[in-house]
Amino acid sequence: MTDLRSSEIHDELDGDTLHEECGVFGILGHSDAATLTALGLHALQHRGQEAAGIVTFDGKQFYTEKRMGLVGDHYTDPATLAKLPGYISIGHTRYSTTGEVALRNVQPLFAELEVGGIAIAHNGNFTNGLTLRRQLIADGAICQSTSDTEVVLHLIARSKQTSSSDRFIDAIRQMEGGYSMLAMTRTKLIAARDPIGIRPLVMGELDGKPIFCSETCALDIIGAKYIRDVENGEVVICEIQPDGSISIDARKPESTQPEKLCLFEYVYFARPDSVVGGRSVYVARKNMGVNLAKEAPVEADVVVPVPDGGTPAALGYAQQSGIPFEYGIIRNHYVGRTFIEPTQQIRAFGVKLKHSANRAMIAGKRVVLVDDSIVRGTTSVKIVQMIREAGAREVHIRVASPMIFHPDFYGIDTPDRDKLLANQHADLASMCRFIGADSLEFLSIDGLYQAVGGVARDPKSPQFTDHYFTGDYPTRLLDQEGASNVRKLSVLASNG
């Protein structure tokens, strides 16, 4: 849910873009734990820009700072970091896909339990979170947030296991969906990944201290060493011992399933300098452009990326096709969502608030516009119009991913099915007319699979999570199956 006051301008500027819920970072045993966590969250800012939070422990008590807005707006202040002493820290940067935008929903969430204090943060969505929440409330639980993460705290509190680690494992084994989760207690940093590994989670090391984070770029920013990916279904428990050493206990489920990483990590979400599932995101995106040029060639004078997501694919398209690459669109990186009231005059500026045509590279030319994805198509309409106004003779759109037909329930904020462009038109020609382009082509699902994994899609057992393209959901969707029985969450106004 979005803040009602900013919903119109948000919809106009960001509503045609997919968003992922969040990024997580945690470190154990380091004297600069909070500072390193803040730096790690800064590197993960692309995974969520609405809010950020950090929790630390100094051997005596827990400390927390939660702020709406960007990491750099708050956690670069020495006074803020001074409020977060300690040698254990976890942090979270958030884009809301469940729960309203309010300070009470900002993670990490913290609770005092019988086994002591525990803080948790997660990236992704639970597909049975609302169902479990309803059951917990019926049994007398009191929920303070509308975040599905709070369900895990209640399950930990109710677990019959004795240790905090076993309680945590008992709780997450009841959760379904796609998630990467971090938890911290007075002595432990615990990392967990969903059974099929939809969401990414990596393990690193700095000065001999363990780190867990959503992407390798968060390790790079602090000079940490990448160790390995946390395996799907695995729980890794790092604990400080009385002598100061750190033990690491990796627990895997009795029965394992094949890993199925979310393809949109490669298409859009992950930073291009990250390595996800052992694959360079940049190389994968460039390969998408190469395959797109093979599948959908066109006679043109210049290849122009729709920034920033389309840039690596546009490079690949240009190199494969032999058509020159140029920055024909310049992006303004300093546009805030609510920097101005959404009057009709401001809405009329449309996409130009974020993108400007580079007329010198466009006028009189046949342009190939390469984008990473198209969701509703409203932004594409405005960009095509902008390119034509800059003097382009022809505008051909090439999309470096397949058409999106289905919504996501694993942590990607997608529009309702009937609002997706692919479901609003009978065929590609109709879609092309709506956008106003001279031609429109999408990368095939096999072309995407080959770009990322090197082989075509196995329809009997897909190697990646790809339901937004194919409708092949990798888990059951309990909340959706029982949607009519799930009461809408209450929304309490917050000053956050």
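Predicted model: local features only at pLDDT ≥ 70, side-chain atom pairs only at ≥ 80, totals over all residues.
1. The backbone at D207 deserves a look: phi is near 55°, a positive value in a residue other than glycine.

2. As to the overall architecture, the protein contains 17 helices and 23 strands. Of its 496 residues, 56% are buried. Among contacts with a separation of 6 or more, 68% are between residues 24 or more positions apart.

3. The UniProt record, an unreviewed entry, places the feature "active site" at C22. This residue lies in strand β2 (residues 22-28). C22 has a relative accessibility of 0% and therefore counts as buried. Setting aside residues up to four places away in sequence, C22 touches R47, H92, T93, R94, Y95, H122, N123 and G124.

4. H154 belongs to helix α6 (residues 149-158). Its relative accessible area is 15%, so H154 is buried, the limit being under 20%. Apart from neighbours within four places in sequence, H154 is in contact with L136, A141, I142 and C143.

5. One joins Q107 and P108, with omega at about 0°; P108 lies in the loop between β5 (88-94) and β6 (109-113). Another joins P307 and D308, where omega is about -10°. D308 is placed in the loop between β17 (302-305) and α11.

6. Helix α10 (residues 281-295) packs with helix α11 (residues 311-321) at an angle of about 45°, and their axes are 6 Å apart. The angle makes α10 oblique to α11. The crossing of α10 past α11 is right-handed.

7. Which residues of α10 meet α11? On the α10 side they are Y282, R285, K286, G289, V290, L292, A293 and K294. Their counterparts in α11 are P312, A313, L315, G316, Y317, Q319, Q320 and S321. Sorted by class, the contact of α10 with α11 comprises eight nonpolar, five polar and three charged residues.

Notes
Residues numbered from 1 in each chain as written. Heavy atoms only, no water. Axes fitted to C-alpha atoms, helices over the stretch in contact; angles between N-to-C directions. Helix = DSSP H or I, 4+ residues; strand = E, 2+ residues; numbered from the N terminus. Parallel < 35°, antiparallel > 145°, perpendicular 65-115°, else oblique. Left-handed = near helix turned anticlockwise from the far one by under 90°. Contact = heavy atoms within 4.5 Å. Nonpolar A, V, L, I, M, F, W, Y, C, P; charged D, E, K, R; others polar. UniProt positions renumbered as here; feature names shortened; annotations may be inferred. Buried < 20%, exposed > 50% of the residue type's maximum accessible area, 1.4 Å probe, protein only.
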